[in-house]
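The following note collects remarks on the model under review.

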Amino acid sequence: MPNTHRPYPAPTSPYVMHQRWHDLLFMHWRVPVDVLRARIPRELDIDAFDGEAWLAVVPFRMSGIRPRYLPGVPWLSAFAELNVRTYVTANGKPGVWFFSLDAANPLAVLIARSVFKLPYFNARMRCDAAPNQGIDYASTRTHRNAPAAELLAHYRPTGPVFEARPGSLEYFLTARYCLYTADANGRVYRGEIEHLSWPLQSATAEVERNSMAAAHGFTLPDEVPHLLFARDLTVQIWPLAPIG
């Protein structure tokens, strides 16, 4: 899957997992770098655009989740997901740091927590898409002993599909080809991903409730978020590897 817009080459080793992401909304807010610094491992630099960090809430749904060379399992291969994230770099590789990932599949949450060392949480979720009417999305966290978190929103694309230009804010916010996470002992890992350039569209959103960032102690600025929509993207995922 060649991609000339990548900031660095894709791995040459075999990927281990295949996914498709659908009906995705990027909601981004500017936040001061020092607000995030204490929450990010020291091995990672917070990635900023024009001196400002960005915090995102990203609802979407997934399908076609399966290991390489194996078929998907119906009760495990498709579900809604919702993440809270920011952007970091290590060794010249810009990537994503997740504060949380809520999902509507308890087994997937268990696997992701143990295998990919990611902060997944169980949630009751709904993602309904109607042609030409946008996406109705609802999520309520149900994970035991976890902070309450909720999102209730309606969103839709409002413009033609475009590819983000390298150097633009849209590219900075979306062109991320790895994730970073840490285990219980604080060791930091990188997980590589590969996909074609995002098929982005401008978007509008009506958000009735959003406590996703507040669940982590973050106060979102009182401003309209930067919004982008993507209808569909196929993704390949590599296993985690320690960064040092």
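1. Twelve salt bridges are found when the whole structure, a predicted model, is searched. One of them joins the side chains of Glu-194 and Arg-6, with an N to O distance of 2.8 Å. Glu-194 belongs to strand β10 (residues 188-194) and Arg-6 to the segment before β1 (17-31), so this pair ties together parts that lie 188 residues apart in sequence. Glu-194 counts as buried because its relative accessibility is 4%. Arg-6, at 11% relative accessibility, is likewise classed as buried.

2. A further salt bridge brings together the side chains of Asp-47 and Arg-176, at 2.9 Å from N to O. This pair also links distant parts of the chain: Asp-47 sits in the loop between β2 and β3, and Arg-176 in the loop between α3 (169-174) and β9 (178-182), 129 residues apart. Asp-47 has a relative accessible area of 15% and is therefore buried, the cut-off being under 20%. Arg-176 is buried too, with a relative accessible area of 5%.

3. Which residue forms a salt bridge with Arg-141? The partner is Asp-102, and the closest N and O atoms are 2.9 Å apart. The pair connects strand β7 (residues 134-141), which holds Arg-141, with strand β5, which holds Asp-102, across 39 residues. Both Arg-141 and Asp-102 are buried. Separately, salt bridges with shared partners join Asp-23, Arg-61 and Arg-231 into one network. As background, side chains of opposite charge can pair when their charged atoms come close.

4. The search of the whole structure for disulfides returns zero. Cys-127 counts as buried at 17% relative accessibility, and Cys-178 is buried with a relative accessible area of 2%.

5. Twelve of its twelve residues are buried, so β4 is largely enclosed by the rest of the structure. In a regular strand the side chains alternate between the two faces of the sheet. In β4, Phe-79, Glu-81, Asn-83, Arg-85, Tyr-87 and Thr-89 point one way, while Ala-80, Leu-82, Val-84, Thr-86, Val-88 and Ala-90 point the other way, and all are buried.

6. The pairing of β4 is antiparallel with each of the following strands. With strand β2 (residues 45-46) there are two bridges, and Asp-45 stands opposite Thr-89. With β3 there are seven bridges, and Phe-60 has Glu-81 as its bridge partner in β4. With strand β5 (residues 93-103) there are ten bridges, Val-84 being partnered by Ser-100 in β5. β4 and β5 form a hairpin with two residues between them, and Asn-91 in the turn has a positive phi of about 55 degrees.

7. Which residues touch the most other members of the largest nonpolar core? They are Leu-44 and Tyr-180, in a core of 79 residues. Strand β3 (residues 53-67) gives the most to this core, contributing nine residues. In soluble globular proteins, nonpolar side chains tend to be buried together.

8. Val-57 is located in strand β3 and, at 1% relative accessibility, counts as buried. Beyond its neighbours within four places in sequence, Val-57 has contacts that include Leu-25, Trp-29, Leu-82, Val-84, Leu-151 and Met-212. The C-alpha atoms of Val-57 and Ser-139 are 12 Å apart, with 82 residues separating the two along the chain.

Terms used
Residues numbered from 1 in each chain as written. Predicted model: local features only at pLDDT ≥ 70, side-chain atom pairs only at ≥ 80, totals over all residues. Heavy atoms only, no water. Core = buried A, V, L, I, M, F, W, Y, C linked by side-chain atoms within 4.5 Å. Buried < 20%, exposed > 50% of the residue type's maximum accessible area, 1.4 Å probe, protein only. Helix = DSSP H or I, 4+ residues; strand = E, 2+ residues; numbered from the N terminus. Pairing = 2+ DSSP bridges. Contact = heavy atoms within 4.5 Å. Disulfide = S-S within 2.5 Å. Salt bridge = Lys/Arg side-chain N within 4 Å of Asp/Glu carboxyl O.
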